Amino acid sequence: MKFKAFLTEHGVNLLERRFLPALDKMGKICHLFLTRDHAIFLHNLLNGDGVQCIAQFRKEALFDDYRISSQNEDRIAFAIDVSLLLRAVRSSVSICTEFGNGPSANRLQIKLVKKLPLNCTQPMPFLTFETKGYKSAVIQDVPISKPLSRAQVLELQTALELAQDIPQTLVQVPDSNQLQNFVERMKQVGDLLNVSISKYGDLHVQISTTLITLGSEFRKLLVIGEQAEAPSDDRNQSAQTRSERAISRGDAQRVQVSVKHFSRSLHCHLAKPDCTFYGIAPHGSCLTVIFQFFIPGTHQTDKSISLHCRLPVLDPGSS
């Protein structure tokens, strides 16, 4: 199997300043899944434990001169330490900036190699960054896992396809900082968070203990997908009552998630999305957070980039 490409300046900016810092907060290890058309970073898709996070890029968003080949339909996947990857990208960028000049400046090549490390008898796989300057080249090796087998790649592909399901109702949260500040305060109160989302455009977040109940409500949010008109007799009711009534009518869903998981998903804002949407999957199987990116200078969706999280739902009976 072979993979080799050059990171573009735009690709370096996306990874170094936005996506890798966000992914690093999601967990130490992720899978990098390379296909003929996409590079995909995947957290927790195979073990199913914790927040699933998927960042997908069309190859043109990150690379030029992109070449990949394998006996598994040109698909390659492996596990990698995100912090080491981020460090290598940052170091390569600083070398490019310091020494790069002339026609070959800022050419950052990335490729899969096998090398024999010191004191080892077996070659090990690496993702190698090569910064080519005018008179010299600097090489940095990021260790990776043994590439996934054909069966493991199929399992990863299947999990990826299942994770693409979009909830029937999504609400847009315009002020994620307000939500983040509220969740930070909630972390001091308890571990479990109740989240309800209605077709009326209401997002209700609540934490309860035997001593205290804290909640925050976002009303009349933009709704994408299935929506409904809120009954007029709900207007003067409390947030809790409105939420309960909407659920009983089938116009809302509620799930319980870990406060820690919810807080971790908010770190995706380091990727600087333009919009954030929340939704609950059918049958309440997970809480989904979808981040939307615009083409710079427009309000048109950049379809070359996607990022979303799926938070596992806790069984209220087991808490």
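1. Two strands are said to pair if DSSP finds at least two bridges between them, where strands (E, at least two residues) and helices (H or I, at least four) are DSSP runs numbered from the N terminus. In β9, for instance, A137 is the bridge partner of K132, and β9 pairs with strand β8 (residues 124-132) in the antiparallel sense over seven bridges.

2. The model is predicted, and local features need pLDDT of at least 70, side-chain atom pairs count only at pLDDT 80 or more, and totals for chains, interfaces and linings use all residues. Residues are numbered from 1 along each chain as its sequence is written, while side-chain values use heavy atoms, with hydrogens and water left out.

3. The order β5-β1-β7-β8-β9 describes an open sheet of five strands with antiparallel pairing. Because β5 (63-69) and β9 (137-143) stand at the edges with a single partner strand each, one side of each has no neighbour in the sheet.

4. Which residues of α4 are buried (under 20% relative accessible area, with exposed over 50% and partly exposed in between, for a 1.4 Å probe and protein chains only)? They are V153, L156, Q157, A159 and L160, and they pack against β2 (29-34), β3 (38-43), β4 (52-58) and β6 (76-81), contact meaning heavy atoms within 4.5 Å. On the other side of α4, A151 and L162 are exposed.
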